[in-house]
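Welcome to this short tour of a protein chain. Keep the sequence and the 3D view side by side, and look up each residue as you read.

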Amino acid sequence: MAGARTMPLEFEKPLVELEQKIEELRQLSESGTMDFESEIRKLEKKAAKLQKEIYADLDRWQIVQLSRHSARPFTLDYVGHLCTDFVEIHGDRRFADDPSMITGFAFFRNEPVCVIGHQKGRTTKENMVRNFGMSRPEGYRKAARVMQLAERFGRPILTFVDTPGAYPGIGAEERGQAEAVAENLELMAGLKVPIVSVVIGEGGSGGALAIAVADRLLMLEYSTFSVITPEACSSILYRDPGQAKKAAESLKLTARDLDGFGICDEVLPEPSGGAHRDPLAIAKTVGDALKKHLTSLQELPLEQLLETRFEKYRSMGEFIS
């Protein structure tokens, strides 16, 4: 909640200002200066109504902004809420460790699992360390190494997607960024363990897909998933980064859009106002959904699991002969 108040999005500002006024009145009441309980109750009702109105009619660009909210729970937050005995694994055994990609083993509701996910930072310093959630080749190769370990030990894989895209820097390209992403797609298509992916924020381009070739793809209500960011798309199509809102509408990148296309397997509802307003509630929602889908996948024989995964991706898109 602190992040929501210090860095409100433009469309959130009327609500945040009202909440700040409520907090000020509450502090005055608690100090014994005056009794504002009646006024507080009226403002709380007004805030609840305003919140409902704001989030009931968000456009795609507003959802993009919400998916990037710095106070939204990140991968390590979900790991902390949902898992026990998490042991992080570092390094790709080729070049280096990539802090923007979290990998490791843990217990999820008493079951051993493999956990992989993008990790952003909340402060500028943290984001410099995490590279704003944009992984380099060594991050994807680390993820691949841990996936292979998960397959060896028969552990299902849970991935948390939250990245603008794979890092496009010169060094990353020199070390084979495209190859690292492509190899992950091939690897995940044939892994002999169940895979469930959750888009918890923004899912951008191949950087997201490289850990999202899953048996089940889940998306939070205010998350996005697309081939390119709206800003990059508008720069290419309209030669104007300022047309990002227009690009977002054309990309149809929200969870509801992806659900309508048959790409997303379930849209997970967020608390009123977004996941950042109630991290515990969204963690429970995500945990329950993961358990449900994981249980159903584990009931499938291996051959059927792989065949179903193959058909899932083969059926995407429209083909004209």
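A salt bridge is a side-chain nitrogen of Lys or Arg within 4 Å of a carboxyl oxygen of Asp or Glu. K120 and D162 form one of these, with their closest N and O atoms 3.2 Å apart. Please keep in mind that this is a predicted model. The points below start with charges, move on to rings, and end with the backbone.

**Salt bridges**

- The structure holds 18 salt bridges, and a few of them are described here.
- Another salt bridge is formed by K291 and E111, whose closest N and O atoms are 3.9 Å apart.
- K291 sits in helix α14 (residues 279-298) and E111 in strand β3 (residues 111-118), so this pair ties together parts that are 180 residues apart in sequence.
- K291 counts as partly exposed, at 29% relative accessibility, while E111 counts as buried at 15%.
- D265 and K312 meet through their side chains in a salt bridge of 2.6 Å, N to O.
- Here D265 lies in the loop between α13 (255-260) and β8 (266-268) and K312 in helix α15 (residues 302-314), so the pair ties together parts that are 47 residues apart in sequence.
- D265 counts as partly exposed with 33% relative accessibility, and K312 is buried with a relative accessible area of 13%.

- D98 can be found in the loop between β1 (83-88) and β2 (101-108).
- D98 does have polar partners: its side chain joins that of S100 in a polar contact of 2.7 Å, and it reaches the backbone nitrogen of R136 at 2.7 Å.
- Leaving aside residues up to four places away in sequence, D98 touches S135, R136, E138, G139 and K142.
- D215 lies in the loop between α10 (205-209) and β6, and D215 is buried with a relative accessible area of 7%.
- The side chains of D215 and R309 are joined by a polar contact of 2.7 Å.
- A polar atom of the D215 side chain also lies 2.7 Å from the backbone nitrogen of I195.
- Among the residues that D215 touches, not counting those up to four places away in sequence, are D265 and K312, the two partners of a salt bridge described above.

**Aromatic rings**

- How many aromatic pairs does the structure hold? There are two aromatic pairs.
- Y55 and Y222 have ring centres 6.2 Å apart and planes at 45 degrees, so the pair is tilted.
- Y55 is in helix α3 (residues 37-55) and Y222 in the loop between β6 (216-220) and β7 (224-226), so the pair ties together parts that are 167 residues apart in sequence.
- Y55 counts as buried at 9% relative accessibility, and Y222 counts as buried at 7%.
- Y78 and F160 form a stacked pair, 5.7 Å centre to centre with 10 degrees between the planes.
- Y78 belongs to helix α5 (residues 75-82) and F160 to strand β4 (residues 157-163), so this pair ties together parts that are 82 residues apart in sequence.
- Y78 and F160 are both buried.

**Charges over rings**

- The charged end of R122 sits over the ring of F74, 4.2 Å from the ring centre.
- The charged end of K246 sits over the ring of Y238, 4.5 Å from the ring centre.

**Backbone angles to look up**

- Most residues other than glycine have a negative phi.
- D85 has a positive phi, near 55 degrees; D85 is in strand β1 and is exposed, with a relative accessible area of 58%.
- R93 has a positive phi too, near 60 degrees; R93 is in the loop between β1 and β2 and is exposed, with a relative accessible area of 74%.

Technical notes:
Residues numbered from 1 in each chain as written. Predicted model: local features only at pLDDT ≥ 70, side-chain atom pairs only at ≥ 80, totals over all residues. Heavy atoms only, no water. Helix = DSSP H or I, 4+ residues; strand = E, 2+ residues; numbered from the N terminus. Polar contact = N/O pair within 3.5 Å; in protein donor to acceptor, adjacent residues only side chain to side chain. Contact = heavy atoms within 4.5 Å. Phe/Tyr/Trp six-rings, centres within 6.5 Å; stacked < 30°, edge-to-face > 60°. Buried < 20%, exposed > 50% of the residue type's maximum accessible area, 1.4 Å probe, protein only. Lys NZ or Arg CZ within 6 Å of the ring centre and 35° of its normal.
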